[in-house]
Amino acid sequence: MSTLPQVLWDAGQQVPEQVAIYLQHAHQPDLSIRYRDLLTGGVKYARLLEQHGILPGDVVILILQHGIDLVYGFWGAILHGAIPSIMPFLTEKLLPEKYRADLASLIAVTKPVALITYPDFVEEAKAALTQGGPVRAVISTDPGTHHDERGDVDVLTTMGGFRRQPEDVVLLQHSSGTTGLQKGVALSHQAVLRHMTTYSEAIRLSTQDVIVSWLPLYHDMGLIAGFLMPILTRTPLVLMSPFDWVRAPYRLLQAVSRYHGTLTWLPNFAYNFCVSKIRDRDLEGVDLSSWRSVINCSEPMRWESHARFYERFAPFGLRESALATCYAMAENTFAVSQGGIDGEVVWMDVDRDILQLNGIAQPPSEGGVAVRMLSAGKPIRGVDVRVLSSEGTPLGDYIVGELAVKSDTMLTGYYNRPDLTEKAFVDGYYLTGDLGFTGGGEVYVSGRKKDLMIVGGRNIYPQDLEELAGTVPGVHPGRMVVFGVFDEITGTEEVVAIVEADTESQEEREQIAAQVREKVTRGSAVVLRRVQVVDAHWLIKTSSGKISRFANRQKYLQQFCQQNG
Amino acid sequence: MHPEIIPTISKFIVSTILEQPSRNLKPGEPLITSGLIDSMSLVDLALFVEDTFGVHLDDTELTSDTFDTLEQLAEIIAKRQQ
């Protein structure tokens, strides 16, 4: 079993001139990064880390945006034998002090020894540090050192990364928000490399493939499917910025056309987003016939989203067989199951009410409402999926329970959180918190056990947002709730906040709603779709006195939305 | 500047993007840096401006460096309409 530095080194020796990444920036020529560049660029950062006394096995946080510094900084840390973790960069809507607090909470748990960021962000990053804390160095990127020809490559194999063992931790992945940042998924070299083998096999990856991605690298789908897998398997990667994509989603389709892209991973909302926000004039000459799989992953998948996407882009060569699905999580490195590669995605019409009330997936009964559920495919090789009852006993097909996963590509643990790691497993199976069922060898995901919301592929913890909403004057302390409601138009969960207020004045209530919006957005970078100000005692509490997200969500839907249930 | 530009965009933002139609936006109120309009809605705003006023906003202009308030956006539109 090898390690990541070894695999990169081998590629640098065997195919030094092969382009690993076509790095895109809006209105700039694409930058070709060859395997030899990954080594020379990476080695500069490895040297920087060495100069700052960072040791192999130390954690290094990268506070960098899409771009060459992130690519080289990440590989530099790996070559040095340090453990990189990518932190989302500060966006303008997030308050700097909130960002600082998030960074501080990540540092408190993960205990990194160094941060790497841009020269003009060094001071901001330092503001999150405390006296006597673990961070010894805030290292600034140096734009002058890139793309040197030979560099120090010859002495590379003496670097710390080449003494790492397959079972050593290679990287950490964090979810977003205060809660997510305190839980770093630690993956070993062998888990990542095994996953490359099994997942490549599941998607029939070949030398003909070209992966096109706009996904951020701080997210597992972006980091594994849209960065590490292509690089480690020598599959060309076209990588664009998530910021460019969200402002001009047609860029993804143009890139697929231009580079004859074959594979792309997208969260469900992206299908709807592309359908509603791309105009024909931006698709002139675009040919999508090379796309063999567009893989829906990381949030609940909708048949309707696939159908609309296909209908919209079929005139540009999109093949219906390209639509695919995947169920993945950072804790399993990435994919648990994969569907739609060898044949079309399997789907099943299920009676909605029986599914929700009885937890059984069966065809619609007479007069029942049907929901068309997309299968997330079959477990990939080496992964075993079980469905467990609330008592932890395995359930049969078509019965909804908690999905539990066992594989040889699992996380080593939540970094510095043995307590959380222990709680996450039962009999060697990782408890995903997702609800679903199996049937005909396929895995279906139907909901979530935990309160976690997934908005645009991003994991959001409602308690983080509730805490922010509670700071607004006029909101009753402790009397607020946040939950997600699926929106057919956007294809993702929209976040709703309900707060109790004493005032009856409509004007004051508007103001409270506006302030809740602002507090939440600026404190979490999550945009609330709706803020409902209600009278005191509107919210339902559980028997233990906690505000119930589930019950209040039901009440909200009945009272304010009328449709669904 | 055409007097109707600001109210037209304002109405679109509160009704379609914010879904809070009774909300009143001030012409100088920050929209992007405040997070009021998130990046996912910027494309909608650009398409609305194009359809309504015949003015094209490039995707690279959809940042607070180009405009952050109704006033600033209206100014760009008025200038390009000339």
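**Exercise 1. What share of the contacts in chain B between residues at least 6 apart in sequence join residues at least 24 apart?**

Solution. This is a predicted model, in which local features need pLDDT of at least 70, side-chain atom pairs count only at pLDDT 80 or more, and totals for chains, interfaces and linings use all residues. Residues are numbered from 1 along each chain as its sequence is written, while chains are lettered from A and ligands numbered from 1 in the order in which they are written.

Step 1. Two residues are in contact if their C-beta atoms, placed from the backbone, lie within 7 Å.

Step 2. Among the contacts of chain B that span at least 6 places in sequence, 67% join residues at least 24 apart.

**Exercise 2. Describe the fold and dimensions of chain B, and state the confidence of the model.**

Solution. Step 1. Helices (H or I, at least four residues) and strands (E, at least two) are DSSP runs, numbered from the N terminus. Chain B has 3 helices and 0 strands, in the order α-α-α from the N terminus on.

Step 1. The radius of gyration is taken over C-alpha atoms, and the globule rule is 2.2 Å times the number of residues to the power 0.38. For chain B the radius is 11 Å, close to the 12 Å that the rule gives for 82 residues, so the chain is as compact as a globular protein of that length. Along the principal axes, its C-alpha atoms fill a box of roughly 30 × 25 × 20 Å.

Step 2. A residue is buried if 20 or more other C-beta atoms lie within 10 Å of its own, exposed if 12 or fewer, and partly exposed in between, with C-beta atoms placed from the backbone. Of the 82 residues of chain B, 34% are buried.

Step 3. The pLDDT is the predictor's confidence in each residue, from 0 to 100. Chain B averages 91, and 98% of its residues score at least 70. The model as a whole has ipTM 0.91 and pTM 0.92.

**Exercise 3. Is B:Lys79 buried or exposed?**

Solution. Step 1. B:Lys79 belongs to helix H3 (residues 70-81) of chain B.

Step 1. B:Lys79 has 10 other C-beta atoms within 10 Å, so this residue is exposed.

Step 2. From B:Lys79 to B:Val43, 36 residues apart in sequence, the C-alpha to C-alpha distance is 20 Å.

**Exercise 4. Which elements of chain A give two or more residues to the side that touches chain B?**

Solution. Step 1. The contact takes 17 residues from chain A and 17 residues from chain B.

Step 1. On chain A, the elements are helix H9 (242-247), helix H16 (506-524) and strand E28 (528-534). H16(A) gives the most, with 6 residues.

Step 2. Ala, Val, Leu, Ile, Met, Phe, Trp, Tyr, Cys and Pro count as nonpolar, Asp, Glu, Lys and Arg as charged, and the others, Gly among them, as polar. By class, this side of chain A has 6 nonpolar, 2 polar and 9 charged residues.

**Exercise 5. Which strands of chain A pair with E14(A)?**

Solution. Step 1. Strand E14 (residues 335-339) of chain A is mostly covered, with 5 of its 5 residues buried.

Step 1. Strand E13 (residues 323-328) of chain A runs antiparallel to E14(A), joined by 4 bridges, and A:Ala328 stands opposite A:Ala335. Their hairpin has 6 residues between the strands, and A:Thr333 in it takes a positive phi near 70°.

Step 2. Strand E17 (residues 378-379) of chain A pairs with E14(A) in the antiparallel sense over 2 bridges; here A:Pro379 is the bridge partner of A:Ser337.

Note on methods: Two strands pair if DSSP finds at least two bridges between them.
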